[in-house]
Amino acid sequence: MVGNIITKFYNNMMKKLYLLIIFFFLFYSSKSAIAEQKTIDVNPIKETSVVPEKNTQSQYISYEMVKNLSLDDALEKFPSYKKETYILGTTQGLITEFRIGLLNIFKQDEIKQGKIKITEITWQINAVENLTVWYHLQKEQWLPIDHYIWHKDSLF
């Protein structure tokens with residue numbers, strides 16, 4: 001009788017152990033597949049650019065490092081991950097939720113005139129976040145007017 005109880009207990013524990021091993025195997029194999037998928041870097045900004053440039057960034061930066069620099073000085077010191085130049089409010093420069101902050105700087109009437117030229121620079125600030133800085137031509141110099149820090153997997 002005691003032997004029967006021990007045998008049933010042993011068989012029950014072995015079933016649970018097998019299920020646990022199968023669960024861990026499935027969990028870790030799917031986790032490694034997800035990790036492989038995340039290594040593919042997809043740029044979430046979908047708008048067409050007027051002046052696109054390829055990734056030349058060699059180091060991570062922060063907003064503090066570029067906030068007081070003109071566009072030329074910033075790009076000279078810190079080559080960018082992505083660069084776009086467009087007229088705000090046109091097909092290439094649509095005001096999407098990504099660029100919504102620019103509505104705090106420019107009035108709708110100004111935007112409708114189609115004369116606001118913007119250069120949008122994106123840098124990687126770490127492995128998971130990007131920094132986009134918008135520059136506007138002021139007194140013959142491109143100066144930063146707004147910025148946004150966003151997760152690189154964000155879709156706009």
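Okay, let's start at lysine 139, which is exposed, with a relative accessible area of 85%. By exposed I mean over 50% relative accessible area, with buried being under 20% and partly exposed in between, using a 1.4 Å probe and protein chains only.

Quick word on what we're looking at: this is a predicted model, where local features need pLDDT of at least 70, side-chain atom pairs count only at pLDDT 80 or more, and totals for chains, interfaces and linings use all residues. Residues are numbered from 1 along each chain as its sequence is written, and side-chain values use heavy atoms, with hydrogens and water left out.

Back to lysine 139. You'll find it in the loop between strand 3 (129-138) and strand 4 (141-151). What's the phi of lysine 139? It's positive, about 55°, although this is not a glycine. Most residues other than glycine have a negative phi. Glutamate 140 sits in that loop between strand 3 and strand 4 too, and has a positive phi of about 65° without being a glycine. Glutamate 140 is exposed, with a relative accessible area of 79%.

Now over to strand 2, residues 117-124, which is mostly covered, with 7 of its 8 residues buried. Strand 2 pairs with strand 1 (residues 82-87) in the antiparallel sense over 6 bridges; for two strands to pair, DSSP has to find at least two bridges between them. Glutamate 84 has glutamate 120 of strand 2 as its bridge partner. Strand 2 also pairs with strand 3, antiparallel again, over 7 bridges, and a hairpin of 4 residues joins them.

So, how many salt bridges does a search of the whole structure find? There are 4, each one a side-chain nitrogen of Lys or Arg within 4 Å of a carboxyl oxygen of Asp or Glu. Lysine 82 and glutamate 84 make one, at 3.0 Å from N to O, and both of them are buried. Glutamate 84 makes another with arginine 99, at 3.7 Å. That pair links distant parts of the chain, 15 residues apart, with arginine 99 in the loop between strand 1 and helix 4 (108-112).

Arginine 99 also forms a salt bridge with glutamate 120, their closest N and O atoms being 2.7 Å apart. Both of those residues are buried. Put together, salt bridges that share partners join Lys82, Glu84, Arg99 and Glu120 into one network.

Technical notes
Helix = DSSP H or I, 4+ residues; strand = E, 2+ residues; numbered from the N terminus.
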